[in-house]
Amino acid sequence: MTVPARDTVEIGLNRFARRGYDLDEVSIVPSRRTRDVDDVSTAWQIDAFRFDIPLVTSPSDAVVSPATAIAVGRAGGLGVLNAEGLWTRYDDPLPVYRQLREAGAEAPPPVSLLQQVYCEPVKPDLITARIKEMRDAGVTTAVRVSPQHTEQLAPAVLAAGVDLLVIQGTIVSAEHVTTQGAALNLKSFIADLDVPVIVGGAANYQTALHLMRTGAAGVVVGVGADSFSTGDAVMGIRVPLASAIADAAAARRDYLDETGGRYVHVIANGRIETSGAIARALACGADAVQVGEPLRAAKEAPGGGVWWDSVAAHPRLPRGGTSAPIPSAGSLEQVLLGPAETSDGRTNLFGALRRTMAKTGYRDLKEFQRVDLVIGGRPD
């Protein structure tokens, strides 16, 4: 008979499943100490690059253009441009954005339209031009490529002088098994690079540890599921993010011991749509969060309030929906740093994080990862 692990429950005769927790099932517990909000730092650093807020943008064309990546960088975060997105397929993608907004005037744009506009091939010269635009603005530049197109597109990305390379898919492993030719070997690929690499997503301890062993500077944890994701319905995959972050944080500790001090950053990704979710993700052990959907409310968002994730445009198996446009909630700076004019937790995202840290008595993010948590809080 199979002996269940300590954290599993029996779901049927001799069939066990591990219990996992989502962020909205976890609550932060204030400590005996509080601090003044002005004495709190939300800064973090990956490799040689320091940021004032622990934000890595989702590489969605709905919210990231070269201009918004620059604006995010100036606000203290890291904007990630999709090297396989509209900005590298079209010399001028603005008519495409207009088409999507007009199609979504009264209802979300159809996924079939997304698939259609993403049929245009990626052009390496446009990758170079977009990275140059961001570099010329003086911000840290980051570009995302999918694992299956990394070897094809990375040379153009690297030649353009990108600062950080993000290799990201829904699920990424250090060991991809295939009979269809050579698979990407992340460990050897990363070892040959002169730029730091962020890889993901990982869903559990073992995968996170394996990705850390590739030499990555950061590991994205979670599959990026948001309110419009259909990955659960399409593939049956759902990652309880609070548990996944805690698993990855444990892998980080073990890898730190294994290597004698090499620290790999954990970046949480998946339905992080409010300031409370950001605080919970960091409290569970993340160093930074990947945020996408809330940024569509910024007036600078190229999608004009429409949201879609990159997997929604997959040509054979879309795993996400689109949204109708929403009114602007203000500038990108307001969405990230305030002031907030509503009380729904969707603006002043990182100003709220500072206040959470002050209310619980922690002065920086590494300290805040030690905050007490409790299960049973009211879901958002």
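In this predicted model, strand S10 (residues 197-202) pairs with strand S11 (residues 218-221) in the parallel sense, over four bridges. Within this pairing, Val199 stands opposite Val219 in S11.

**The sheet**

- S10 and S11 belong to an open sheet of eight strands, whose order is S6-S13-S12-S11-S10-S9-S8-S7 and whose pairing is parallel.
- Strand S6 (55-57) and strand S7 (80-82) form the edges, each pairing on one side only.
- From one strand to the next, the twist averages 30°.

**Helices on the sheet**

- Helix H9 (residues 241-259) lies across S11 and strand S12 (265-269), and runs at about 170° to S12.
- Helix H10 (residues 275-283) also packs on the sheet, where it touches S12 and strand S13 (288-291).
- The direction of H10 makes about 140° with that of S13.

**Helix H10 against helix H12**

- The axes of H10 and helix H12 (residues 349-360) come within 8 Å and cross at roughly 50°, which makes H10 oblique to H12.
- The crossing of these two helices, H10 and H12, is right-handed.
- On the H10 side, the contact is made by Ser275, Ile278, Ala279 and Leu282; on the H12 side, by Leu349, Phe350, Ala352, Leu353 and Thr356.
- The residues of the contact between H10 and H12 comprise seven nonpolar, two polar and no charged.

**Helix H1 against helix H4**

- Helix H1 (residues 66-74) packs with helix H4 (residues 124-136) at an angle of about 30°, their axes being 9 Å apart.
- Angles under 35 degrees count as roughly parallel, and H1 and H4 are therefore roughly parallel to each other.
- The crossing of H1 and H4 is right-handed.
- H1 contributes Pro66, Ala67, Ala69 and Ile70 to the contact, while H4 contributes Arg130, Glu133 and Met134.
- Of the residues in the contact of H1 with H4, five are nonpolar, none is polar and two are charged.

**Aromatic pairs**

- Four aromatic pairs are found in a search of the whole structure.
- In the pair of Tyr97 and Trp308, the ring centres are 6.2 Å apart and the planes stand at 40°, so the pair is tilted.
- Tyr97 lies in helix H2 (residues 94-103), whereas Trp308 lies in the loop between S13 and helix H11 (332-337); the pair therefore ties together parts that are 211 residues apart in sequence.

Note on methods:
Residues are numbered from 1 along each chain as its sequence is written. This is a predicted model: local features need pLDDT of at least 70, side-chain atom pairs count only at pLDDT 80 or more; totals for chains, interfaces and linings use all residues. Side-chain values use heavy atoms; hydrogens and water are left out. Axes are lines fitted to C-alpha atoms, for helices over the stretch in contact, and angles run from 0 to 180 degrees between N-to-C directions. Angles under 35 degrees count as roughly parallel, over 145 as roughly antiparallel, 65 to 115 as roughly perpendicular and the rest as oblique. A crossing is left-handed if the near helix is turned anticlockwise from the far one by less than a right angle, and right-handed if clockwise. Contact means heavy atoms within 4.5 Å. Ala, Val, Leu, Ile, Met, Phe, Trp, Tyr, Cys and Pro count as nonpolar, Asp, Glu, Lys and Arg as charged, and the others, Gly among them, as polar. Two strands pair if DSSP finds at least two bridges between them. Rings of Phe, Tyr and Trp (its six-membered ring) pair if their centres lie within 6.5 Å; planes under 30 degrees apart count as stacked, over 60 as edge-to-face and the rest as tilted.
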